[in-house]
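Hi,

Here is the structure I promised to pass along. Have a look first, and my notes follow below.

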Amino acid sequence: MANAHRHDGARASAGDLGFDAIIIGAGFSGLYQLYSLRERLQLSVRVLERAADVGGTWYWNRYPGARCDSESYSYSFSFSEHLEQEWNWSERYPAQPEIMRYLRHVAERFDLRRDIDFNTEVVSARFDEGRGRWLVTTACDRVFSATYLITAVGCLSATNVPTIDGLEDFRGQWYHTGNWPPAGVDFHGRRVGQIGTGSTGIQAAPVIAAQAAHLYVFQRTPNFSIPARNAPLAPQAQAEIKQNYAEIRRIMRQSTNGHPFLLSPQSALEVTPEERRARYEAAWQHGGLRFRATFRDLLTDRRANDTAADFIREKIRDIVVDPAIAERLMPRDHPFAAKRPPIDTDYFETFNRDNVTLVDLRTLPIERITPSGIKTAGAEYPLDIIVFATGFDAMTGPLLGFDLRGRGGRALRDVWAVGPKTYLGLQIAGFPNLFTITGPGSPSVLCNMPVPIEQHVEWITDCIGFMRAHDLAFIEATEDAMARWGTEVAAAAATLLPEAASSWYLGANVPGKPRVFMPYPGGMAHYRGLCDQVAANAYAGFRLSAG
Ligand code: N01
């Protein structure tokens, strides 16, 4: 507790541990926010983290095949040139253990651990109007107080285990991919049922199939997927990346999604069919999320999108030997990339294996889980292990997972009863001095995550620096600004994105969750410009007061 009471101690009461800032979460965002507030503003900061180590989502998502879909060198911090130059990524896409090594390295290199409490789950945070401070309580009844509360809880950290009758009677083991046992799971000789074919399921299935006696993939919605084409990063490639980092980062900051490539300026409809096919083929061979950038209008024009969707369906038909299985794997109910597009290593190929069965839940849904397996409307599948690759209560789930209360004791759960409302995804009216890193209403999950994370952390740090320089005690989004921003997010979503009816972007994957398009789809570069303008304009849309 070396830093306790260093600054705001006088305002902390005897019964709590007082800091300038409390950060909840020690993933990418919590680590960088800690570093920024401590090193740039010399604040006293405490990070509260429920896991036993740093890592955030990567700590929990240890499932077989877990690997980042962003290219490794771009899925990294840009704030330290030394860090960039000293760290070597071994593969094109980093696997979960490598990302954990990286984040541990960051924590040690910048001496961050001394300000983090691990195994510390926040159960409530409320704004004490009398003292003008946040009071944060943990599961072990420790109470912290702080001037600023910053949530760094991630967008995909609240797991979604669907309610299926009979799960409690299942005699085998079951796991959710987002809360995977640290010791791993041995699938050898086991009959495994995997529910879910999102990015996670698409990564996990080939790895599980390689070990299991038999894998049953329970698919409700077929998904588009592009080959990742993962490979080791040769020393020469690593050296080139390091030499060109400044330029790579420049492109990432200019891009729509924070990736190291730009969207093509051309429409899919303005080239000949031969040219279009050649472009898609080249992107397919190159692999990865870049496929989505082949033409500028894949997310805005249904006819353009159809050309990409047709191409991918054709590939599925080519790869999967049994035409009936291929047909069942072909997505037809949503445009390509309207749901977050997965990238894969041998996903469609997996269905050519003798020990893999595709169970199509669209025609014969799951009826219940029995003591010995899963029963659909068509058959009963005997299983030893069930893997839930069923995703997350995304974006709002992590913020509503503890009792968060602002002015007048108003609970965030009530304020967001019909869907999340924020200003810029950074603040909520009625919750002074609370900042939500990559909150709903910011580009967040539509991007290569370290980019929106760094942008938010730097904006928040500048904002707090401004407040302290001008003797301002409180900052709070106005209701007006929040309403205007909500309208702007909805307007920017007027693309093909909301057409994916079951998408977690809309909250549609969690029964009863309000259907609101949650991330801001206006582009990362554009959003950064808006945030900069707001700051330059003395934080227009926020109410700043001296207390
Ligand atoms: O979750 P998802 P995810 N019965 O919600 C199915 C990021 N990520 O964990 O589509 C049967 O996408 C559901 O079916 P449907 C990435 O942003 C990143 O895969 O709702 N099925 C769907 O198939 C990603 O988008 C990386 O009909 C049920 C699946 O479960 C996000 O995390 C890797 C069901 C859930 O798919 C979430 O991906 C992995 C039920 N009751 C993930 N309930 C990297 O970059 C749900 N499903 C490494």
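Predicted model: local features only at pLDDT ≥ 70, side-chain atom pairs only at ≥ 80, totals over all residues.

Helices here are DSSP runs of H or I with at least four residues, strands are runs of E with at least two, and both are numbered from the N terminus. Residues are numbered from 1 along each chain as its sequence is written, and side-chain values use heavy atoms, with hydrogens and water left out.

Let's start with the ligand. There are 25 residues around it, and R67, T200, R220, T221 and K339 come nearest (a residue is near if one of its heavy atoms lies within 4 Å). By type, this shell splits into ten nonpolar, ten polar and five charged residues; Ala, Val, Leu, Ile, Met, Phe, Trp, Tyr, Cys and Pro count as nonpolar, Asp, Glu, Lys and Arg as charged, and the others, Gly among them, as polar. Helix α5 (residues 199-211) is the top contributor, with three residues. The ligand lies between domain 1 (16-158 + 394-545) and domain 2 (194-234 + 244-388), because both give residues to the shell; the bounds come from an automatic or database domain assignment.

Now the polar contacts (pairs of N or O atoms within 3.5 Å; within protein, one must be able to donate a hydrogen and the other to accept it, and residues adjacent in sequence count only if both atoms are side-chain atoms). A polar side-chain atom of T200 sits 2.6 Å from a ligand oxygen, and a backbone N or O atom of D69 is 2.9 Å from a ligand oxygen. For A389, a polar backbone atom is 3.3 Å from an oxygen of the ligand. On its own the ligand exposes 910 Å², and the protein buries 89% of that (Shrake-Rupley, 1.4 Å probe; for residues, only the protein chains shown count as cover).

Next, N223, in the loop between β9 (214-219) and β10 (226-227). N223 is buried at 9% relative accessible area (buried is under 20%, exposed over 50%, partly exposed in between). A polar atom of the N223 side chain lies 2.9 Å from the backbone oxygen of T197.

Most residues other than glycine have a negative phi. M395, however, has a positive phi near 65°; M395 is in the loop between β16 (385-388) and α12 (397-400) and is buried at 2%. Y539 has a positive phi of about 60°, and Y539 is buried too, at 3%.

Cheers

How values were computed
Buried < 20%, exposed > 50% of the residue type's maximum accessible area, 1.4 Å probe, protein only.
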